[in-house]
Amino acid sequence: MMSNDLIIEIKDLRKYYPIYKGFIKSIFSKEKTYVHAVDGINFNIKAGETLGLVGESGCGKTTAGLLLLKLIEPTSGSIFFQGVDIATLSEHEIKEIRKKMQIIFQNPYESLSPRFNVLDAIAEPLRLLKVLKDEKAILERVKDTLKAVGLPQTEDFFERFPHELSGGQRQRIGVARAFVLNPLFIVADEPVSMLDVSIRVGVLRIMKELVQQFRTGFLFITHDLALARYMCDRVAVMYLGRIVEEGKTEEIIQNPLHPYTKALISAVPIPDPDARRTKDIPITGEVPSGIFLPLGCRFHPRCIYAKEECRETDPELVRTNDNDHFVACIRYNEIMNDNN
Amino acid sequence: MIFQGAMNALNPLHRVGNQIHEVIKIHEPHVSEEEGWERVLDVLSRVGIDPSRAKDYPHQLSGGMQQRALIALSLVNNPDIIMADEPVTALDVIVQSQVLKEMKSLQGQLGLSLIMITHDLSVIAEICDSLAVMYAGQIVEYGKLRNLFKEPRHPYTEALLNSFPSITGVKKELMEIPGAPPDLLNPPTGCRFHPRCMKVMDICLSEDPKIVSTNDKGYVACHLY
């Protein structure tokens with residue numbers, strides 16, 4: 001392993017989806033249009049670290065997660081997994097690496113096959129990637145994993161099918177399937193958004209414990225900043241395919257610099273009746289489509305701080321005074337003073 | 001009534017304005033065509049939709065606008081009471097916050113009563129005045145919002161509050177509620193919450209707790225009181 005425990009590092013990763021036109025139109029016009037789902041993002045994740053990827057729907061969070069696992073092909077850019085660029089590897093070459101990276105899906109009601117019982121569902125990755133050949137060893141590993149996710153390890157439970165399990169149990173199976181291979185890197189795409197509030201915390205706690213125990217690099221994709229605060233060491237805020245701000249979780253929440261992050265934080269409802277805000281959310285409109293992007297800063301049409309300059313300059317993610325805090329806004333210094 | 005999924009609650013084959021106008025035609029047949037349309041356009045602008053969008057089909061509106069259109073639909077007959085079933089769960093945080101503000105101010109303007117059905121405690125804290133907590137088909141605690149948040153009496157209310165992450169204040173460890181919601185075909189005997197309760201006593205297993213009034217006109221159903 002590399003000296004600084006870097007599990008994954010992505011550089012200028014992009015994914016554009018072409019929009020197909022009708023046959024006649026394509027004859028008359030050569031011009032192609034694209035949806036800019038992910039448009040040049042950079043970040044890295046160390047062993048045992050949880051990075052939260054936060055943003056509204058349609059900002060490209062899920063696409064970024066799938067790209068990192070190479071479940072979809074990037075348009076350009078590199079993905080370094082333990083120092084090896086996997087963006088250019090072929091399907092065949094990547095098979096070895098797949099053992100080391102896993103995903104936890106959003107919806108436990110759809111992500112488990114209804115025809116696989118608990119044992120088969122968790123043993124499938126072991127069998128498929130031929131990690132363990134001996135059925136006895138597989139059974140042992142499944143039992144250990146079930147214990148780690150807080151599920152019973154009885155014969156009776158092994159033979160249950162997904163419809164006989166509660167939502168919380170199903171998602172724990174989803175977590176178990178991801179962790180059974182002891183992977184180095186896991187992407188969790190909104191893993192608790194479909195669960196009842198009362199059981200969310202249990203699933204979150206298990207993931208947190210496992211990440212610490214196995215020193216897994218963990219990408220936690222969510223739209224809920226309050227959840228990110230509970231789960232993540234660092235967060236990256238995405239807007240229209242770009243990362244607009246990145247830093248330590250508490251730093252971002254206490255001291256957001258980008259106007260979009262500020263708006264996002266002020267929009268999160270607070271479970272405390274005395275904390276009702278009178279301030280309006282400093283944002284208007286809704287996310288524009290990723291096809292025809294605004295020129296200059298992508299956020300300028302909705303930004304209350306936007307100036308003429310913002311219409312022309314596309315801001316880069318720059319390091320701020322604080323070492324681990326990055327922001328992509330040309331006016332962040334002025335805005336920061338504005339608040340005081 | 002405002003339904004949960006704005007994307008599915010509107011008929012995709014009819015223009016938004018027509019759908020709202022239909023409600024007037026059905027419930028107030030004496031209203032003339034022109035007056036009806038006037039009210040449609042008026043109610044749309046009230047919820048923050050440009051009246052010119054009345055000719056749009058639902059798919060031409062964004063998620064937030066569809067939800068606003070649904071609110072308009074529920075307002076057009078000047079009701080006294082509106083029931084909103086998870087009106088903002090399908091929306092993004094920023095839009096969610098805009099729609100909640102909208103609902104709150106409309107409620108004030110029109111003097112409506114609002115029943116908000118939701119699992120999201122933070123949404124309740126933003127908009128409601130009083131709160132009834134339900135568990136397994138029964139209301140276990142009812143009272144003024146502030147009292148319930150500050151001094152929850154029922155262990156279930158308390159546990160729910162402790163399991164909810166917040167973005168403000170000191171970062172606290174979240175507590176989980178053990179187990180899963182019960183099977184309502186054969187609910188647990190006695191207090192229905194007892195298998196998951198931290199403060200369970202012997203009496204909880206056998207006897208259904210009586211409803212006890214609290215000093216602030218609320219009530220709680222728990223053997224502790």
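Predicted model: local features only at pLDDT ≥ 70, side-chain atom pairs only at ≥ 80, totals over all residues.

Reader: Good. So where does Glu245(A) sit?

Author: Glu245(A) belongs to strand β10 of chain A, which covers residues 242-248.

Reader: Is Glu245(A) buried or exposed, and which side chain of opposite charge is nearest?

Author: Glu245(A) is buried, and it has no salt bridge. The nearest side chain of opposite charge belongs to Lys262(A), 8.2 Å away. A salt bridge needs the nitrogen and the carboxyl oxygen within 4 Å.

Reader: What does the side chain of Glu245(A) reach, then?

Author: The backbone nitrogen of His258(A), at 2.9 Å.

Reader: You mentioned Lys262(A). Which residues of α11(A) are buried?

Author: Lys262(A) is one of them, along with Pro259(A), Tyr260(A), Thr261(A), Ala263(A), Leu264(A), Ile265(A), Ser266(A) and Ala267(A). That makes nine of the nine residues in α11(A), so this helix is largely enclosed by the rest of the structure.

Reader: Back to β10. What does Lys248(A) pair with?

Author: Lys248(A) makes a salt bridge with Asp324(A), at 3.0 Å from N to O. Lys248(A) is in strand β10 and Asp324(A) is in the loop between β11 (318-319) and β12 (326-327), so the pair ties together parts of chain A that are 76 residues apart in sequence. Lys248(A) is partly exposed at 44% relative accessibility, and Asp324(A) is partly exposed too, at 37%.

Reader: How many salt bridges are there over all chains?

Author: The whole structure has 25. One of them joins the side chains of Asp5(A) and Arg215(A) at 2.7 Å. Asp5(A) comes in the segment before β1 (6-19) and Arg215(A) in the loop between α8 and β8 (217-222), so that pair links parts of chain A 210 residues apart in sequence. Asp5(A) has a relative accessible area of 25%, which makes it partly exposed, and Arg215(A) is partly exposed at 42%.

Reader: What about Glu91(A), which residue does that one bridge to?

Author: Arg98(A), with the closest N and O atoms 3.5 Å apart. Glu91(A) counts as exposed, at 52% relative accessibility.

Reader: And which residues are linked in a network of salt bridges?

Author: There's a network that links Asp12(A), Arg14(A), Asp39(A) and Arg298(A).

Reader: Switching topic: how many residues of chain A and chain B are in contact?

Author: 42 residues of chain A touch 42 residues of chain B. Together the two chains bury about 3,700 Å², with 57% of that on carbon and sulfur atoms. Between them there are zero salt bridges and two residue pairs in polar contact, both at pLDDT 80 or more.

Reader: Which elements of chain A give two or more residues to that side?

Author: They are α8 (197-214), α9 (225-231), α10 (249-254) and α11 (259-267). The largest share, eight residues, comes from α8(A). By type, the chain A side that touches chain B has 20 nonpolar, seven polar and 15 charged residues.

How values were computed: Residues numbered from 1 in each chain as written. Chains lettered and ligands numbered in written order. Heavy atoms only, no water. Contact = heavy atoms within 4.5 Å. Buried area = accessible area lost by both parts, 1.4 Å probe. Polar contact = N/O pair within 3.5 Å; in protein donor to acceptor, adjacent residues only side chain to side chain. Helix = DSSP H or I, 4+ residues; strand = E, 2+ residues; numbered from the N terminus. Nonpolar A, V, L, I, M, F, W, Y, C, P; charged D, E, K, R; others polar. Buried < 20%, exposed > 50% of the residue type's maximum accessible area, 1.4 Å probe, protein only. Lys, Arg positive; Asp, Glu negative; His and termini not counted.
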